[in-house]
Amino acid sequence: MAEAVLIDLFSLQMNSQNNGIQKLLCSTLERIEKCFSASAPFVYIMCYQTPRSERSSEQDLLQVISSFQTLKKGIEVVCKTSTAAALYTIKQKLDEKDLSIIKIILPVQRKALMEVFIDHLYTAVYQFQFEDFGVDCEGNNLQQIAEPQSDIQTLPAHEMELIRSEIQTYLESLPDLKGKLTILKSSLIPGHVFLHGFTTRTGGISYIPTLSSFNLFSSSKRRDPKAVVKENLRRLANAAGFDPETFHSVKVNHASDVWIMGKPQPDSYDGIVTNQKDVTIAAPGADCIPVLFADPVKKACGAAHSGWQGTLLGVAMATVNAMITEYGCNVKDILVVLGPSVGPCCFTLPQESAKEFYRLDPKCVRQFESPTPYVDIRRATRILLETGGILPQNIQDDSVTDHNQSLTFCTACHPDTFYSHVRDGTNFGTQIGFISIRD
């Protein structure tokens with residue numbers, strides 16, 4: 001059973017047909033009352049925002065709503081100047097109430113268009129059911145009040161592009177949330193050779209509490225759609241100075257595979273290296289370590305996602321070795337920066353998994369005798385890098401004595417600045433480390 005009903009009146013402008021639209025809305029609300037007699041759903045009426053000189057659309061609709069006592073408390077009218085704005089506003093209202101099963105009642109001609117908007121603005125977390133104005137709650141055909149029936153067809157390419165453009169224009173108009181966009185930069189990586197940084201959670205448009213506001217990863221299991229993540233990335237690219245169209249992030253598998261750009265791309269990989277000047281590469285993190293690599297001599301760089309599993313599997317050194325093999329880098333010239341990640345103060349593992357870190361160095365584990373010891377994946381990463389030949393002074397992590405230079409903050413300890421899976425649970429946001437070679 002749907003938790004919410006969206007009534008799409010957007011294409012039916014409130015003008016000389018006011019009475020017809022009011023009758024249509026009245027009959028639709030009667031159907032909803034009948035179908036949901038046991039438990040009234042939340043109802044959102046979506047309509048076009050008329051110019052100020054015309055009669056208020058919302059006022060006209062509110063007159064109809066007032067007679068439906070069962071539904072009245074759960075009905076909201078959303079009048080906007082674009083479909084993208086209306087659907088995104090309704091999404092915010094759904095997310096505030098944690099609703100995910102939605103029935104959309106609409107003119108049959110709008111279904112194909114609505115599906116494209118939903119595909120861009122929502123994720124697989126939501127379930128949508130479509131019903132046209134000419135069907136009752138048992139699925140029986142009624143007289144079509146809104147518009148004549150026609151066959152539903154796939155939208156042509158130019159209409160799809162218009163929808164994408166409308167969504168992009170609307171999202172670009174939204175204000176920054178939680179403060180200004182902030183990029184953390186390492187003093188170890190030479191800025192005249194490389195463009196790089198680590199993001200925080202401020203300055204984006206993601207509004208869901210655990211994703212707010214600069215989330216840079218979209219998942220079918222989360223409520224932040226790709227369009228929002230794309231807009232956050234666009235804002236980052238503008239602020240940092242790279243082209244979002246040539247941005248490549250690792251495809252996380254919690255392993256040690258590395259993609260050498262220019263060669264066939266694997267299905268998944270946790271490291272990426274390049275010597276191309278026209279690309280930006282990145283690694284995500286939300287407790288896992290985003291690690292950046294830079295060789296200012298050979299002008300090559302890399303990025304790796306190092307969780308506890310990837311750390312043990314050696315993803316950091318796998319990335320270093322790829323730079324050495326592919327670009328002739330000298331291990332002593334490679335600089336490595338560990339970005340914001342969960343610290344040994346907050347990260348625990350089952351004792352069986354912690355044993356692997358204890359074997360590497362007992363100092364990597366605290367309270368080893370407990371069922372869930374605390375584990376220091378950063379220390380383990382440094383040990384493996386130094387064992388592989390990286391000079392100790394060429395690694396920047398939380399062991400840096402000057403805290404003004406350290407970028408390896410604990411993500412779990414700083415809820416206003418960073419996302420954390422450990423702290424926030426499954427619906428967590430993602431920050432990244434990124435790097436590119438300057439021209």
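How much space lies in the second largest pocket? In this predicted model, the second largest pocket holds about 150 Å³ of space. Pockets and cavities were located on a 1 Å grid over the protein atoms alone: a cavity is a set of points where a 1.4 Å probe fits but cannot get out, a pocket is an open set with protein on both sides within 12 Å along at least five of seven lines, and lining residues have an atom within 4 Å of a point. Grid points are joined across faces, edges and corners, and a volume is the space filled by probe spheres set on the points. The pocket is lined by 13 residues, of which Gly241, Phe242, Lys277, Ser436 and Ile437 are the closest to its centre. Its lining comprises four nonpolar, four polar and five charged residues, where Ala, Val, Leu, Ile, Met, Phe, Trp, Tyr, Cys and Pro count as nonpolar, Asp, Glu, Lys and Arg as charged, and the others, Gly among them, as polar.

Residues are numbered from 1 along each chain as its sequence is written. Because the model is predicted, local features need pLDDT of at least 70 and side-chain atom pairs count only at pLDDT 80 or more, whereas totals for chains, interfaces and linings use all residues; side-chain values use heavy atoms, with hydrogens and water left out.

The chain contains 12 helices and 18 strands, taken as DSSP runs numbered from the N terminus (helices H or I, at least four residues; strands E, at least two). Its C-alpha trace spans about 80 × 50 × 35 Å along the principal axes. Of the 439 residues, 54% are buried, that is, under 20% relative accessible area, with exposed meaning over 50% and partly exposed in between (1.4 Å probe, protein chains only). Among contacts (heavy atoms within 4.5 Å) between residues at least 6 apart in sequence, 69% join residues at least 24 apart.

Six strands form an open sheet with mixed pairing, in the order E9-E10-E13-E12-E14-E17; two strands pair if DSSP finds at least two bridges between them. Strands E9 (258-260) and E17 (395-396) are the edges, each pairing on one side only. E9 runs parallel to E10 (residues 271-274), and three bridges join them. Across this pair, Val258 stands opposite Gly271 and Trp259 opposite Ile272. E10 and E13 run antiparallel and are joined by four bridges, with Ala303 in E13 as the bridge partner of Ile272. Gly271 and Val273 point one way from E10, Ile272 and Thr274 the other way, and all are buried.

Helix H9 (residues 315-327) packs on this sheet, touching E9, E10, E12 (289-295) and E13 (300-306), and its direction makes about 160 degrees with that of E13. Axes are lines fitted to C-alpha atoms, for helices over the stretch in contact, and angles run from 0 to 180 degrees between N-to-C directions. Within H9 lies Thr319, which is buried, with a relative accessible area of 0%. Residues up to four places away in sequence aside, Thr319 touches Val258, Gly271, Ile272, Val273, Phe293, Gly302, Ala303 and Ala304.

Among the residues lining the second largest cavity are Ser306, Thr311, Met317 and Leu384. H8 (308-313), H9 and H11 (377-387) each supply at least two residues of this lining, the largest share, three residues, coming from H9. By class, four lining residues are nonpolar, five are polar and none is charged.
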